Amino acid sequence: MTILRFLNPQGIAGIVVTLCLTILLVIQMGETSHWKKQRGQFEQLYRGEQTAFAETVSNYRAAAAAARAADQASKQRVLAEQRSINERTEHDFETRLAAARVAAERLRVDSESAANPGARGTTSLSAISPSSLGADQAADENRLPSADALTATEQAIQLDELIKWVKEQAKVDNNAPAVASQEGD
């Protein structure tokens with residue numbers, strides 16, 4: 001009889017509600033278990049993404065450092081090549097300038113001795129005919145004075161060496177990696 005007391009409409013509703021709540025509780029427990037598994041997978045994906053991101057950042061930093069090192073090596077190579085060109089050009093310029101000055105001095109001495117043949121003691125002024133002096137003097141009139149000729153020669157040498165220097169500097173490849181220049185040496 002006690003069971004019949006519970007079978008009234010309120011008792012049946014209570015049992016039905018209890019059964020429904022129990023079913024909902026079981027379903028919720030299944031859902032919770034499912035989402036815990038999902039959470040674990042999502043955490044693994046997240047950690048994997050974070051690791052991949054950290055590796056990517058590390059790779060970019062390493063590549064940037066390698067590029068900086070390559071740029072520095074290339075800069076040093078270019079500076080060394082330019083310094084070598086500068087020294088070689090300066091040496092060539094000084095050598096050519098000294099040779100031109102020696103030649104100018106020799107010409108000055110030769111022209112003084114030719115203009116003053118009596119100073120040597122081999123020929124007297126009376127032995128030179130006036131007609132031969134006229135031809136030499138006419139040729140000398142078309143020439144620059146020796147100081148001007150030396151200045152013009154020095155400037156021509158300077159310009160010539162400058163042109164060579166510019167051509168050599170233009171050959172220096174500023175963008176070539178330092179490794180390529182070592183392979184060619």
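Student: Which side chain does Glu-43 meet in a salt bridge?
Tutor: Glu-43 pairs with Arg-39, at 3.5 Å from N to O. A salt bridge here is a side-chain nitrogen of Lys or Arg within 4 Å of a carboxyl oxygen of Asp or Glu. Keep in mind that this is a predicted model: local features need pLDDT of at least 70, side-chain atom pairs count only at pLDDT 80 or more, and totals for chains, interfaces and linings use all residues. Residues are numbered from 1 along each chain as its sequence is written, and side-chain values use heavy atoms, with hydrogens and water left out.
Student: How far apart are Glu-43 and Arg-39 in helix H2?
Tutor: They are four residues apart in helix H2, so about one helical turn separates them. Helices are DSSP runs (H or I, at least four residues), numbered from the N terminus.
Student: And what does Arg-47 meet in a salt bridge?
Tutor: Glu-43 again, at 3.8 Å, N to O. Arg-47 is exposed at 53% relative accessibility, while Glu-43 is partly exposed at 33%. Buried means under 20% relative accessible area, exposed over 50%, and partly exposed in between (1.4 Å probe, protein chains only).
Student: Which residues are linked with Glu-161 in a network?
Tutor: Arg-96, Asp-160 and Lys-164 join Glu-161 in a network of salt bridges.

Conventions: Helix = DSSP H or I, 4+ residues; strand = E, 2+ residues; numbered from the N terminus.
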